[in-house]
Each structure stands twice: as structure tokens, then as C-alpha cells.
Amino acid sequence: MQFIDLKAQQERIREGLERRILNVLDHGRFILGPEVFELEEKLAQYVGVKHCISCSSGTDALLMPLMALEVGPGDAVFVPSFTFVASAEVIVLLGATPVFVDIDPRTFNIDPRALEATIEAFLSQSEGARARGIIAVNLFGQPADYEEINDIASRYGLFVIEDAAQSFGAEYRGKKSGALAPIAATSFFPAKPLGCYGDGGAVFCSDDDLAEKLCSIRQHGQGTNKYDNVRVGINGRFDTLQAAVLLEKLAIFDEERKLRNEVAGRYAQGLAGKVTVPEVRSDRSSVWAQYSVLSDAREDCLSRLKTAGIPAAIYYPKPLHLQEAYACADSLRGALQVTEDIAQRIFSLPMHPYLSEEDQARIIQSI
Ligand SMILES: *Cc1c(COP(=O)(O)O)cnc(C)c1O
């Protein structure tokens, strides 16, 4: 059994993939070739925003907008601690400071009340540091509370970036993830809901100036041409071959989204009362990047699964505010109680569109 079965998907679309890859080999435009722009157009349309700027990874999709907003030393950005490291890493890379915020125990997403309290505490204590923005993460595929988050941001004059690395395809109040804040970043890492065969990502926005800056940053800060550099940028381009792969995968993505939901539904039914199953709020949907449950007997559950040959994982065993590299560690221990409690009890089960009912029954039985 696979934790995420990419083989089953590949078998299904293999012919189309080969055709598209061969086509790229023939035309030879490996950097910013026609597939990249075709994909960007399709993704922007899918999400419902004006611009999609593809790039080299989900991490760069977070980094580039922070660069465009000129985030740097002396700036503070509010971010959950219970997330993949990249959400905070990009802040530190630019010399700014991440200020960690606690999560909602049922959705595992940033808690708007904790966010406001953390901003207030920061503003009353910070000497010289400037509150700049919020990176909200849609953990495991479910959008965070954007109405509340965007409202807090506008009251405090902060930007909002939607970390949609795990949530491409999810919906919130009739809108698609990627369109829930003025800027969104997603990832095409192979294991994400829409993944390519390498690294990749994209930024979504509807602001023309910002889109232009992002395109420039993606190409070493280029101005009118490659050898005119108007700002400091990065090599953040997305490969044509990967765009070709994604075009093929996008064609079956909505069907896969439906299949993921069915898998989640069967888990919820079979596991109710045995572990705490994830809660998706009624005004939104998840794309189930991970199916994560809570149990006080986590070690027991994990060892039973292991004995049965069922792969499982812990996302995330150590919150960012307790990581050595995010050095506030000791001073913050105990500060984010919900985050620290959830990290002790959470684990994730196999989740992909091709998980069979028989395999699922076995997983449920083992737990
Ligand atoms: C995967 C992920 C990223 C980074 O994406 P990469 O493509 O791996 O660079 C950022 N944030 C979250 C929440 C992620 O899960």
C-alpha cells in the first residue's frame, strides 16, 4: 500500500504524458516554453484570478511576493507555527521576523482570535519592528478563515498571503483557493494534490503591477530584457517539461478531487468514535492533501498500522516555534498551547484518489 499512489495516476494518463513530453523534446523550448504560458492561463482561469505566475517551487512562490512587497530586516510577518517549514523560512531568508500564531484545534488552521491577540501583543511590545503582513496556511487542504483574516489585515494595515501549497482546488464561500487573499502561493511538489514530476509552484494575484514585479523577480529582476536588471531577483522559473506534465494532470484533477472526497467520507464514517476525524467547515471544502486524525494513543495506532504494513506519517511532529533554526524556541515553549498539544496527538493516513475500499477497510480495521 502506498501513502500517496502516484503510480496508479501515471498509469491512467501515461499516454497523454508521453505525447506532451515528446512534444517538448521536439520543440526544444525548455525554459518558458509555450506549455508554461498555456498552463498559467488555465490555472488563473481555474482559480478565478487575473494572473498566475508559475515558478520553481512552492517555497519560491512564497518568497517572490515577499520580495515584491519589499519585506526585509525590521519587518514582522504573522504565520502559524503548525505548518511546513517553508511558510516561515521565506520570512527569515529576507531578514524579517516570523511571529508565530496558534491554531484552531479542529481545523488546524491559524486561529483568527489568536491572530488578533498576537498582533495586539506584538504592537504593544515591539521596539522598532514593523508589523507587515500575514501568511495564512490552508493546512492539509482546507482553507483558513479568510473573511476574518482579511478583515484583521485591513484593520491593521497588513498584507495577506494565502499559503495554498496544500489546497489547490479547495473552495471557500464559493471561491477557489488561490483567490482567497490578494496574493496566493501554491506548490506542485509531486505529493501535493496537483503535483508535477519535480519541483514547481505558482503565485496567484489580480493586481497587474504586482504580477509584473513577480515576472521580473522570477527572471533575476529583469526590466525590459534579460540583461537589464531593475531589481534583485532570483532564478525562479518553472520548467516547460513540468508544465507539460501538469497540463495532462489538470485534465483529470476535478475528478480526482471528487475521488479524494469519497475517500475522506469513508474514513470519517469508519473512524468516527475511534480517533478524532478532521472537521471541514460547512462553508468550504478540502482537497485532502493529508487525512490527519488525532488520538491520545498515537504510538499505539502507529505501531498497529506498521505491523499491518500500512504507511502512516506525522505532520508535523515539531512545530516551527520549537525548531532550533527558528531560535525563539525556548522562550516560546508553552506559548502556543493548541499547536503543542496537536503536535503530540496528530498523525496522517494514506490519502490519494486511487485508494481502494478494501485497503481503506484494512486501515480502519487496524486502528
Ligand atoms: C509543500 C509546502 C510548501 C513548499 O512547497 P515546495 O514546492 O516544496 O517548495 C510551502 N508551504 C506549505 C504549507 C507546504 O505544504
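At what angle do the axes of helix 9 and helix 13 cross, and within what distance do they come? In this predicted model, local features require a pLDDT of at least 70 and side-chain atom pairs count only at pLDDT 80 or more, while totals for chains, interfaces and linings use all residues. Residues are numbered from 1 along each chain as its sequence is written, and side-chain values use heavy atoms, with hydrogens and water left out.

The axes of helix 9 and helix 13 (residues 357–366) come within 10 Å and cross at roughly 30 degrees. Axes are lines fitted to C-alpha atoms, for helices over the stretch in contact, with angles running from 0 to 180 degrees between N-to-C directions; helices (H or I, at least four residues) and strands (E, at least two) are DSSP runs numbered from the N terminus. Helix 9 is therefore roughly parallel to helix 13, a class that covers angles under 35 degrees. In the contact (heavy atoms within 4.5 Å), Val-263, Arg-266, Tyr-267, Gly-270 and Leu-271 of helix 9 meet Glu-357, Gln-360, Ile-363 and Ile-364 of helix 13. By class, this contact of helix 9 with helix 13 has five nonpolar, two polar and two charged residues, where Ala, Val, Leu, Ile, Met, Phe, Trp, Tyr, Cys and Pro count as nonpolar, Asp, Glu, Lys and Arg as charged, and the others, Gly among them, as polar.

A search of the whole structure finds 26 salt bridges, each defined as a side-chain nitrogen of Lys or Arg within 4 Å of a carboxyl oxygen of Asp or Glu. Within helix 9, Arg-257 is paired with Asp-254, with the closest N and O atoms 2.8 Å apart; these two residues are three apart, about one turn of the helix. Arg-257 is buried at 18% relative accessibility, whereas Asp-254 is partly exposed at 39%. Buried denotes under 20% relative accessible area, exposed over 50%, and partly exposed in between (1.4 Å probe, protein chains only).

Arg-20 is partly exposed at 23%, and Glu-248 is buried at 13%. Arg-173 is bridged to Asp-283, with a closest N and O separation of 2.8 Å, across 110 residues. Both Arg-173 and Asp-283 also belong to a network of salt bridges that includes Asp-104, Arg-106 and Glu-279.

Key
Angles under 35 degrees count as roughly parallel, over 145 as roughly antiparallel, 65 to 115 as roughly perpendicular and the rest as oblique.
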